[in-house]
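Welcome! Here is a short tour of a structure that may be new to you. Take a look at it first, and then we can walk through a few places together.

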Amino acid sequence: MTRSPSKLSGGLKRTRSGVFDKIRSILARRKLDPDELQELEGLLLQADVGPSATEKLILTIQKSKDTDASPLDILKREITNLLTVPRKPVQADNGDPCIWLFVGVNGTGKTTTIAKLGKRFKDEGKRILLCACDTYRAAGSEQLEIWAERIGVDVVASQMGADAAAVAFDGVDAALSRGSDMLLIDTAGRLHTRKDLMEELLKIGRTIGKKIDKAPHETILVMDATFGQNGLQQAKVFSEELELTGIALCKIDGTAKGGIVIAVSDELKVPVRYLGVGEDMDDLLDFDPEAFATALLSP
Ligand SMILES: Nc1nc2c(ncn2[C@@H]2O[C@H](COP(=O)(O)OP(=O)(O)O)[C@@H](O)[C@H]2O)c(=O)[nH]1
Ligand SMILES: [Mg+2]
């Protein structure tokens, strides 16, 4: 995100001009009285920061009321802290393709995010292969195939109704035989039940792991920022079942409640890695906690 601060502040426009404008004006005062603190608490909740993170932020401001630091700086620092979740990277063994699995509810932005990342990695000179395991919906594979053609990378796909783990198996085979650097695997977001979906995702994971030690190396949960606290509840289900290594939070441009990023980091303890700020291919930003906190609290 440091690379494109203006894209970041553009993506956060709705959030900044909504609740965070009000938050900024309260914080502009040097000392906050109890009423102002309560107002601030209400605004943070309104911005979807969530009860747990809101409480931490308010407590930090309260505790530092006798210091010289401005409430705005304190809030910025504490938001940065809450957003800083350490990564636990799993390195691919030498020569193995790096396997990334993308999971999440339907419509959150999985396929689009894979296309954005696929293009980015390709532009960096990596050999990219995509794999379409959303065999549940007719359009599931097609969308990924269309993106693959647009960004000029290959894709392994199958018929609707095919066994998703079998498609993942073929994808890994193809990545190995073609010497791909990375395999990005798209998955379904909805099956008959939540249990079916989780079992399918776990089966895909096991299948990949049998072929390549330590794979999948990344399991990215794709979330829709406009879902707010509901999205967070859905995310908890995924994080209970799967070893998530990161979160891509899409459609931050479409919400005034960008505070959800803080709730997600605080409650899931999974690092937000990417922010989706639009539908174009270059509308995906690397997440940087400090840059985010600064952009959130800037006019
Ligand atoms: N505004 C905006 N739209 C997005 C973003 N990411 C994805 N979308 C749109 O969200 C819709 C669903 O995305 P898709 O990738 O098909 O979701 P999937 O069902 O999880 O694969 C599409 O119309 C995308 O263009 C984003 O960051 N911002
Ligand atoms: Mg999709």
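With 8% relative accessibility, Asp 48 counts as buried (buried means under 20% relative accessible area, exposed over 50%, partly exposed in between, with a 1.4 Å probe and protein chains only). Asp 48 sits in the loop between H4 and H5, and its phi is near 70°, a positive value in a residue other than glycine.

This is a predicted model, where local features need pLDDT of at least 70, side-chain atom pairs count only at pLDDT 80 or more, and totals for chains, interfaces and linings use all residues. Residues are numbered from 1 along each chain as its sequence is written, chains are lettered from A and ligands numbered from 1 in the order in which they are written, and side-chain values use heavy atoms, leaving out hydrogens and water.

## Another positive phi

Lys 251 also has a positive phi, near 60°. At 32% relative accessibility, Lys 251 counts as partly exposed.

## Around ligand 1

Which residues come nearest to ligand 1? Of the 17 residues around it (a heavy atom within 4 Å), they are Gly 107, Thr 111, Thr 112, Asp 253 and Glu 279.

A polar backbone atom of Gly 107 is 2.7 Å from an oxygen atom of ligand 1. For a backbone N or O atom of Gly 109, the distance to an oxygen atom of ligand 1 is 3.0 Å.

## A cis peptide bond

Ala 215 and Pro 216 are joined by a cis peptide bond, with omega about 0°.

Terms used: A polar contact is a pair of N or O atoms within 3.5 Å; within protein, one must be able to donate a hydrogen and the other to accept it, and residues adjacent in sequence count only if both atoms are side-chain atoms. Helices (H or I, at least four residues) and strands (E, at least two) are DSSP runs, numbered from the N terminus.
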